[in-house]
Amino acid sequence: MKIELRNITKRFGNVLANDDVSVTVEAGTIHGILGENGAGKSTLVKIISGFIGRDRGTIILDEKPGEIKTPAAAIRAGIGMLHQDPLDFPTLSVLDNFMIGREGGKDKTSSIVLPKKLATKELKYLASDFNFSLDVNEILGNLTVGERQQLEILRLLSLGVNTLIFDEPTTGISASQKDALFAAMRKLADSGKSLIFVSHKLEDVAVLCDRVTVMRQGKVVGEAEIPCPENRLVEMMFGRELASPNKPKTATAEVALQLHNIILKTDRLTIEIEKLTIQSGEVIGLAGLEGSGQRLLLLMCAGLLPATSGNLIINGQDMTNQTYQNYLKAGVGFLPADRLKEGLVNGLTIQDHVALRQSIGRRSFVNWKETLTVTKDKISLFNIRGKADSKVERLSGGNQQRTQLALLPIPLNLLLMEHPTRGLDIESAIWVWQQLIARCQTGTTILFTSSDLDEIVQYSDRILVFSGGNVSAPIDTKELTVNKLGQMIGGKFEDGGLGTGD
Ligand SMILES: Nc1ncnc2c1ncn2[C@@H]1O[C@H](COP(=O)(O)OP(=O)(O)OP(=O)(O)O)[C@@H](O)[C@H]1O
Ligand SMILES: [Mg+2]
């Protein structure tokens with residue numbers, strides 16, 4: 001289906017999120033929408049898929065005016081969307097989630113078993129067609145982000161859509177899931193479907209899209225056929241070229257973190273680390289497929305997951321079995337991946353979050369006047385597009401991430417982060433790392449995970465690779481390339497790794 005958007009305008013209060021946006025997506029192509037954080041990408045695709053209304057503008061589908069007022073109407077018109085933050089039901093099974101949105105059978109007396117049987121068959125057929133492996137009876141909450149996304153694609157296809165919109169689908173999925181996703185997208189386009197791919201990652205747009213529209217501050221600032229030189233796209237996105245900082249040496253001779261004979265166990269995974277010493281000021285990248293134990297290590301160092309055995313020493317202090325409060329007192333900070341479930345509280349404003357953060361360890365009433373000043377400073381320093389009284393769920397994905405970063409206490413001895421720049425555009429990611437490196441120069445030690453191997457290689461001093469239940473010995477980043485790291489993530493280590501586990 002050919003989709004033409006003409007003069008779409010949408011205002012939220014005094015933010016003009018979409019300002020006279022016109023884009024044409026041809027049938028059988030993958031059309032990229034590229035832009036910095038807060039550029040208005042999600043707003044635009046939410047309008048096309050019926051999740052929000054527009055103030056002005058028309059949508060034309062195959063030369064006919066399309067009235068899309070609700071998500072259900074969009075699906076009937078053949079348009080389905082995968083959201084930046086998934087909207088599925090974690091406590092239900094894969095199959096139940098697959099069946100959401102279907103019309104009930106007309107014959108009310110017919111048993112529910114038959115549609116379930118049919119749906120199972122259809123799901124299995126579709127999954128094998130796209131090389132997705134999904135267990136139909138698994139509870140959705142146990143799936144990785146990538147698997148949930150695969151399920152959502154299949155669900156929308158089974159509802160008969162011929163246009164699929166993906167809002168930043170590559171954040172939080174593994175490299176192999178990304179390959180499977182891109183292959184599926186290409187296959188869908190080749191079969192005549194229209195795809196819209198929202199991203200701020202140039203390299204993804206470059207390998208996947210046929211054409212790209214670039215947005216900045218609510219407006220379309222350019223369009224290009226792919227291939228297109230990367231620096232031209234960067235200039236369109238930001239109005240200038242960008243230079244990445246080089247990571248200076250920040251590690252000192254002091255020891256920040258020591259692990260002895262650590263065993264970390266969940267019902268799925270056992271991680272063993274016999275001995276690990278990390279210097280103060282050092283940046284350690286934790287590389288590996290999602291769910292390979294990186295998170296367990298971070299949670300343990302944050303005081304949020306007790307080790308089954310072993311000792312953890314932070315700045316000379318034995319922290320084994322200490323309370324979370326004591327970890328906070330020891331200057332340990334944690335930035336979780338799931339910003340709307342673990343990092344931020346839905347329904348609360350940016351100022352509420354600052355107040356919460358300030359109240360840790362204090363026994364007095366909140367001084368709202370002081371909090372407002374602090375909040376305004378943080379909003380301006382972290383360049384958050386939002387106000388002190390903006391509810392966090394109303395912020396764009398990238399601005400939620402900035403808010404999480406702004407809430408981290410200064411100073412910190414040990415900073416543990418999952419995907420610190422997830423959802424950020426390149427300019428913001430560079431800026432965030434400049435701030436993080438400045439923290440390291442004052443002695444903060446960083447351990448972080450990222451599914452972006454370039455980020456790991458660019459900013460880590462040493463890297464631990466997690467693969468198949470093993471943890472590698474720390475590898476000096478100078479000895480690594482992104483390709484070599486990718487191979488290690490998928491394979492075994494030559495030296496047997498840090499633990500003695502199999
Ligand atoms: N429901 C809402 N209420 C108020 N403001 C909103 C709402 N949704 C979006 N905005 C504002 O509109 C602007 C555009 O947001 P949008 O989510 O479309 O950006 P984006 O390009 O998707 O950014 P990102 O890359 O960070 O996801 C932002 O300033 C955002 O704060
Ligand atoms: Mg967005």
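Sorted by class, the shell around ligand 1 holds five nonpolar, 13 polar and three charged residues. Here Ala, Val, Leu, Ile, Met, Phe, Trp, Tyr, Cys and Pro count as nonpolar, Asp, Glu, Lys and Arg as charged, and the others, Gly among them, as polar. This is a predicted model, where local features need pLDDT of at least 70 and side-chain atom pairs count only at pLDDT 80 or more, while totals for chains, interfaces and linings use all residues. Residues are numbered from 1 along each chain as its sequence is written, and chains are lettered from A and ligands numbered from 1 in the order in which they are written.

Which residues come nearest to ligand 1? Of the 21 around it, they are Phe 12, Ser 42, Thr 43, Ser 396 and Gly 398 (a residue is near if its C-beta atom, placed from the backbone, lies within 6 Å of the molecule). β2 (15-25), α1 (41-48) and α14 each give two or more residues to this shell. Helices (H or I, at least four residues) and strands (E, at least two) are DSSP runs, numbered from the N terminus.

Now for the domains, whose bounds come from an automatic or database domain assignment.

| Domain | Residues |
|---|---|
| domain 1 | 3-238 |
| domain 2 | 244-331 + 410-502 |
| domain 3 | 343-408 |

Ligand 1 lies between domain 1 and domain 3, because both give residues to its shell. The centres of domain 2 and domain 3, taken over C-alpha atoms, are 27 Å apart. Nine residues from domain 2 and seven residues from domain 3 take part in their contact (C-beta atoms, placed from the backbone, within 7 Å).

Back to α14 (residues 397-406): 10 of its 10 residues are buried, so the helix is largely enclosed by the rest of the structure. Buried means 20 or more other C-beta atoms within 10 Å of the residue's own, exposed means 12 or fewer, and partly exposed is in between, with C-beta atoms placed from the backbone. The cover over α14 includes β16 (332-335), α11 (339-343) and α12 (350-359).

How far can you trust all this? The protein averages a pLDDT of 89, and 94% of the residues score at least 70; pLDDT is the predictor's confidence in each residue, from 0 to 100. Over residues 105-111, though, the pLDDT is below 50. Where pLDDT is low, the predicted coordinates should not be read in detail. Among the elements, helix α17 (residues 482-490) has the lowest mean pLDDT (81), and strand β18 (residues 445-449) has the highest (97).

Methods. Contact = placed C-beta atoms within 7 Å.
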